[in-house]
Amino acid sequence: MSTRTRIAFLKGHGTENDFVIIPDPENALDLPPAAVAALCDRRAGIGGDGLLHVVRSAAHPEAKDMAAEAEWFMDYRNGDGSVAEMCGNGVRVFAHYLRRAGQITEGDLAVATRGGVKTVHIAKDGAITVGMGKARLPEGEDVTVSVGDRSWPARNVNMGNPHAVAFVEDLAHAGSLYSPPPFSPASAYPDGVNVEFVVDRGPAHVALRVHERGAGETRSCGTGACAVAVAAARRDGADPAVTGTPATYTVDVPGGTLVITERPDGEIEMTGPAVIVAEGEIDAEWLENAVR
């Protein structure tokens, strides 16, 4: 942990998927899992679904190889302190913070993540579009997810992190989502999985609830919305790589609405809002005590 007595932070959200933001350009802070979990604690800490550690790529060992493509690295952590590959809502909030801090202007931006370099476009009206890369649809074992005595087939979609997408009749069937919904076979997701429960709202319009690995139910999940749009398109017989026509889905999440477009080249774009709601300082002594 740093010897500084106070550590700057901000709080932000993207469609109510909320984050503690720690600006640390030179990667001077040690943020072990216990510190992240303490900061994200909703009663004893600041509170958040996850933490955005803002670091220059050249200063972080996991991002040095991406520094030539992207100046900034989103060192993303789940609310329990575990490391995650990527967070779509987090990237929008990350970009919004950089613009607010005067590090970038509107237009295009590259952001390094553990899921690779992501392209971001900041529009004049504040909407942020993130290039989420391509979905992978692993073939092989059929996946099933369960809640209580109900179970559903699920589509295995990988967006740099793993997702199981289940179409249900009623979002209430997802239950409380306090704990991870059981899935089978275990070999499908050896490191756990984000599980989306999805209902139809209209043509090319769906709604979801999600249990995020390491965070529980969240108000929104960007990679989950992308996985759901791809799964819905395939279910509906739409594959842009085959038709040559982009597929766009409106995805309602508990915290708002995201628009997802899959292009014929397989690249997926997500557009949505990002908000900074507060900034302040963390008492380093409290944080030191919180991790003991």
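Predicted model: local features only at pLDDT ≥ 70, side-chain atom pairs only at ≥ 80, totals over all residues.
User: How do you know that the length of helix H2 agrees with its number of residues?

Analyst: Helix H2 covers residues 88–100, which is 13 residues. At 1.5 Å a residue these should span 18 Å, and the end C-alpha atoms are 19 Å apart, so the length agrees.

User: Why is H2 called largely enclosed?

Analyst: Because 10 of its 13 residues are buried, H2 is largely enclosed by the rest of the structure. Among the buried residues are Val91, Arg92, Val93, Phe94, Tyr97 and Leu98. Just after H2, Gly102 has a positive phi of about 80 degrees.

User: Why is the contact between Asp49 and Arg42 called a salt bridge?

Analyst: The cut-off is 4 Å between a side-chain nitrogen of Lys or Arg and a carboxyl oxygen of Asp or Glu. The side chains of Asp49 and Arg42 meet at 2.9 Å, N to O, so the pair qualifies under that cut-off. Asp49 has a relative accessible area of 7%, and the limit for buried is under 20%, so Asp49 is buried. Asp49 and Arg42 also belong to a network of salt bridges that includes Lys11 and Asp18.

User: What makes Arg263 and Glu269 a salt bridge, and are these residues buried or partly exposed?

Analyst: The closest N and O atoms of Arg263 and Glu269 are 2.8 Å apart, which is within 4 Å, so the pair is a salt bridge. Arg263, at 29% relative accessibility, counts as partly exposed. Glu269 is also at 29% and counts as partly exposed.

User: What are the values for Asp236 and Arg235?

Analyst: Their side chains meet in a salt bridge at 3.0 Å, N to O. Asp236 has 43% relative accessibility and Arg235 has 38%. By the salt-bridge rule the count comes to 20.

User: How do you know that Cys87 is in no disulfide?

Analyst: A search of the whole structure finds zero disulfides. For Cys87, the nearest cysteine sulfur is that of Cys221, at 6.6 Å. A disulfide needs sulfur atoms within 2.5 Å, so 6.6 Å is too far for a bond. Cys87 is buried, with a relative accessible area of 4%, and Cys221, at 2%, also counts as buried.

User: Why is Asp125 called exposed?

Analyst: Exposed means over 50% relative accessible area; Asp125 has 66%, so Asp125 is exposed. Asp125 lies in the loop between strand E6 (116–122) and strand E7 (128–134). A polar atom of its side chain lies 2.9 Å from the backbone nitrogen of Ala127. Asp125 and Leu208 are 83 residues apart in sequence and 26 Å apart in space, C-alpha to C-alpha.

User: Why is the peptide bond from Ser184 to Pro185 listed, and where is Pro185 found?

Analyst: Most peptide bonds are trans. The bond from Ser184 to Pro185 is cis, with omega near -5 degrees. Pro185 is found in the loop between strand E11 (183–184) and strand E12 (194–202).

Methods:
Residues numbered from 1 in each chain as written. Heavy atoms only, no water. Helix = DSSP H or I, 4+ residues; strand = E, 2+ residues; numbered from the N terminus. Expected span 1.5 Å × (residues − 1). Buried < 20%, exposed > 50% of the residue type's maximum accessible area, 1.4 Å probe, protein only. Polar contact = N/O pair within 3.5 Å; in protein donor to acceptor, adjacent residues only side chain to side chain.
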